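Subject: A structure for you to explore

Hi there,

Here is the structure I promised to pass on to you. Have a look around it first, and then read on for what turned up.

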Amino acid sequence: MAKSLSLNEIRTRAAKLSRDWGDEPGDERQQAQSFVRDLLAVYGITETRAAFYERRVKRASTGSRGYIDALIPGLALIEMKSAGMDLSAAEQQALDYIHHLPDPEMPRWVLTSDFRRFRLIDLNDARDTIAVEFDLEDFREHADRLAFFAGYGQRSFGSKEQETASIKAAKLMAGLYEALEGSGYSDHEASVFLVRTLFALYADDAGVWDKDLFLEFLETRTAEDGSDLGPQLSLLYQVMGRAPMRRQSNLDELIARFPYVNGGIFEEPLSIPSFDTGMRKRLIDAALFNWSAISPAIFGSLFQAVKDKAARRDLGEHYTTETNILKVIRPMFLDDLRQRFTDGYRDTKTLKKLRMDMARMQFLDPACGCGNFLVVAYREMRALDLDVLVRIQELTGETARSMFFTEDDLGVRLSSFHGIELEEWPAQIAATALHLVEHQANQAMELALGAAPDPLPLNKIKSIVVGNALRMDWADVIEPSDDLHIMGNPPFIGMNRMTPEQQADNRLTFAAVDAQGLRTGRLDYVACWYAKAMTTLRGTKGARAAFVSTNSITQGEQARTMVPLLDRNGFTVDFAHRTFRWTSEAPGAAAVHCVVVGFSPSARVGRKPRLFTYDHIAGEPIERPVQQLNFYLADGASIVPAKLTRPGTIGMPNSHKGSQPTDGGHLIVTEEQMPEAEADEQAKRYLRQFVQGQDMLQGMPKRWCLWLRNADPADMRGSRVLRDRLAGVRAARAGSPTASVREFADRPGLFTQDRQPDTTFFALPEVSSENRTWIPGRFYSPDVIAGNKLIIFPGALPWHAALLQSSMFMAWIETFAGRLESRYSIAPALAYFPIPWPTPDNATTTKLSDVWRAVSDARADYPGATLADLYDPNAMPGNLLDAHRNLDAVVDRAFGTRRRFTDNAERLSFLIDAYTRRDATEQLLIPTPVRRRR
């Protein structure tokens, strides 16, 4: 059998069943099996092995034994009753049976019949299994409802059902891999063998060949002890790789029934694996599962993970959700195409033009892994193409068969989808997953139009290339054109974690673009894919690129490089998703904070920028209207704020880090050490409270330091505590690998960096959680020593504190400050000095001072709470939240605007505009140089 029966053939057979059984008495005892056999034959299931008849099973309600009339493992349970009997009662009986079925045999569908009517429920339907009923005489009109018997998929792509099925399937494959691995079979051959087995298991359930043909082969042509399973499978896979005219004439008739597959899956010769009883049982258990329910996109990631022991323990965690993939492909191309379909819904000519344009589109994922992006993109493009074809048929009255069908007639073809992958194993999975999703797309076409291309033989996928994408010319994989779309999820590797080989990749990649004078060696590894995309797309006028990236590339120092890099090379940001949480499909990878950046040559016509933001990093995206979009993912000009050494606005206090001891811990006094230090009268004179960022935020046990600036030498000689500690400092510094620290060994009583002010100062933690709405700060007196993990503002006044505790300040911080992992990392040169602060009059400074005091008073209402407690988004007291919102309103007005901002994205746009309008004579704006293309 080359493929599933066509829907037209199924409908013809359904009409015959209605005629043949219309006058039968409908006796359950005498006729049930005959009716079920004829019913399954409508869908091409003619072998008895495809269904268990009179399957004995325990009833959940009574514990007694009963009999299922027919069970197709993993797919459907059929329960028959005599004519006129209650089908809802029969349905309850069927549901009573399924609780004791083994997991691989658990059906999705329950069908009951009394020979006159049918009643069908989908156990995966979230709507409490709503039943569908129809009469035997109307069977022809309802035959499509049971098309799952013929392997036609009836599912929502990306659904929870598919996720669950894919995880179960991957666990079955993991068991097979473990068995092969333990037998000593080589890793490469085990990989190829598993890919072949995956295809056979899927084909068994998806209508590629006779239902359960592979299962029948396993059960009837191999010994129970598994001793001949390896040779038999090797023979079978060899036969499936040969065209019928090249096969031996005396093949076993069952093996001869398998069709020619080709596609490269069965080409490579393999050594014969050895199996035992347990391994054979694992394979048969896998064959009993319903593989037609899996999602190739999800399953690809899971299948990739089966080779990792740690990942195998919890396969459910190792896949990229289709929701995240759609965040790339929808704004990149799919939304525009869908809108064109809507706009041309009543015009055949427009719809045919849309199909022609879709046929020209080419796709490249240069870090494709197991093909997730390519699979989802292909599936969505085929689904849209089908919608267009259905509508053309409705408008013109053309039948499907008059319109096509061979693969050459399809608008969207697999040959348009290209990938580059570093490793062979995921590349093989990508090619196989594309074959599976193509079959699902053809099934959907068959259901909708009654015709589709034959699934076999497969065309060999030559568009997945194995190699280092950064060392090859992408134009050798796919010729650049205005219709090229480059997309994907390149490796999440920070600059500090790159290997020497990856650093060499970076140098080679950026040598091909205009990056002179930019610090490209300080960029994360993903930036190399941006550079390669720019090299490939340079000179095109419709092509686009979009990558998932760690959010650090759009922040702080990295963005200061990426902004001029794109601008110099003639590229502009098209669309973006601001920070959200993405879980990588890589085994063992943690959830990371990511962005999506879409970009294209600036000459691209008709580009309307789109920006998606998130109220919470794990929430749903919200599209925000924007006029222009920069690489900081903000609505505004592509600026690179100047690094300054002083505040750019007169009247704002200076800022710098606190003091750094570099003392080996000998100048710091803990609570446990405090009694000894206080007992020494000379040492006691020099004890000062010492505060770092964590001390201020977390309320950690107090620490003190020995602050010996201008200390009396007699005290330092006469104190045992001071003598011992200073000797420790001297020794620690003398052994330092840093020359500047060693130079301070002969001054052990001083901090290596003394920045302590003589006035009251305001302080912020240098590093703070990204989850806080505001970074909390506070005032300290000059006798409190600020450590180097605090950013201090000497001489700051209450109105300055109001500005530094505002959402306006946070809008700048979120974009231009650096990051330590995902936490904010404040450096005044970028995060404070360049901000276009207001210069308020006396009345405004009074209002600002008042709202700061209101915030301070609200904090004081909770004396037992730390700043970390108070600014936890889930624990922040209502009166403190209200005080901050009131402060924000006053600060916003202080900037000279009456505008009511709804969020920090709007505040940032305002700040960027204010920054670009600043007097050029102040030399605070560094325009991004535009250079001619080479």
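This is a predicted model: local features need pLDDT of at least 70, side-chain atom pairs count only at pLDDT 80 or more; totals for chains, interfaces and linings use all residues.

**Salt bridges**

With that definition in hand, take helix α30, which covers residues 842–860. Arg853 and Asp850 are three residues apart in α30, which means that about one helical turn separates them. Their side chains meet in a salt bridge, with 3.8 Å from N to O. Are these two partners buried or exposed, or something in between? Arg853 counts as partly exposed at 42% relative accessibility, and Asp850 is partly exposed too, with a relative accessible area of 43%.

Helix α14 (residues 348–360) holds another pair, Lys353 and Asp357, which sit four residues apart and so are separated by about one helical turn. The closest N and O atoms of their salt bridge are 2.8 Å apart. Here Lys353 is partly exposed, with a relative accessible area of 42%, whereas Asp357 is buried at 9%.

How many salt bridges are there in total? The count comes to 46.

**The six-stranded sheet**

Next, look for an open sheet of six strands, in the order β1-β2-β3-β4-β5-β6, with mixed pairing. Its edge strands are β1 (52–58) and β6 (132–135), each of which pairs on one side only. On average, neighbouring strands of this sheet are turned by 30° against each other, ignoring direction.

Inside the sheet, strands β3 (residues 76–80) and β4 (residues 109–113) run parallel and are joined by five bridges. If you zoom in on Ile78, you will find Leu111 of β4 opposite it. As a reminder, strands of a sheet pair through backbone hydrogen bonds, either parallel or antiparallel.

Which helix lies across this sheet's strands β1, β2, β3, β4 and β5? That is α2 (residues 28–42), which runs at about 145° to β3.

**Two residues with a positive phi**

Most residues other than glycine have a negative phi, so exceptions are worth a look. Phe115 is one of them: its phi is positive, about 75°, although it is not a glycine. You can find Phe115 in the loop between β4 and β5, and at 1% relative accessibility it counts as buried.

Thr662 also has a positive phi, about 40°, and is not a glycine. Its place is the loop between β17 (656–657) and β18 (668–669). Thr662 counts as partly exposed, at 27% relative accessibility.

**A helix with buried residues**

Helix α7 (residues 213–221) has Leu213, Phe214, Leu215, Glu216, Phe217 and Leu218 buried. What do the buried residues of α7 pack against? Their neighbours are α6 (187–205), α8 (229–240), α9 (253–256) and α10 (277–288).

**Around β19**

Strand β19 (residues 687–691) is joined to strand β20 (residues 703–706) by four bridges, and these two run antiparallel. β19 also pairs with strand β24 (residues 785–786), in the parallel sense and over two bridges.

Asp695 is buried, with a relative accessible area of 12%, while Arg703 counts as partly exposed at 27%.

**A three-stranded sheet**

Finally, three strands form an open sheet in the order β22-β27-β26, with antiparallel pairing. β22 (767–768) and β26 (818–820) stand at the edges with a single partner strand each, so one side of each has no neighbour in the sheet. β26 pairs with β27 (residues 823–825) over three bridges, and there Arg819 stands opposite Tyr824 of β27.

Enjoy exploring, and write back with any questions!

Best wishes

Note on methods
Residues are numbered from 1 along each chain as its sequence is written. Side-chain values use heavy atoms; hydrogens and water are left out. Two strands pair if DSSP finds at least two bridges between them. Axes are lines fitted to C-alpha atoms, for helices over the stretch in contact, and angles run from 0 to 180 degrees between N-to-C directions. Contact means heavy atoms within 4.5 Å. Buried means under 20% relative accessible area, exposed over 50%, partly exposed in between (1.4 Å probe, protein chains only). A salt bridge is a side-chain nitrogen of Lys or Arg within 4 Å of a carboxyl oxygen of Asp or Glu.
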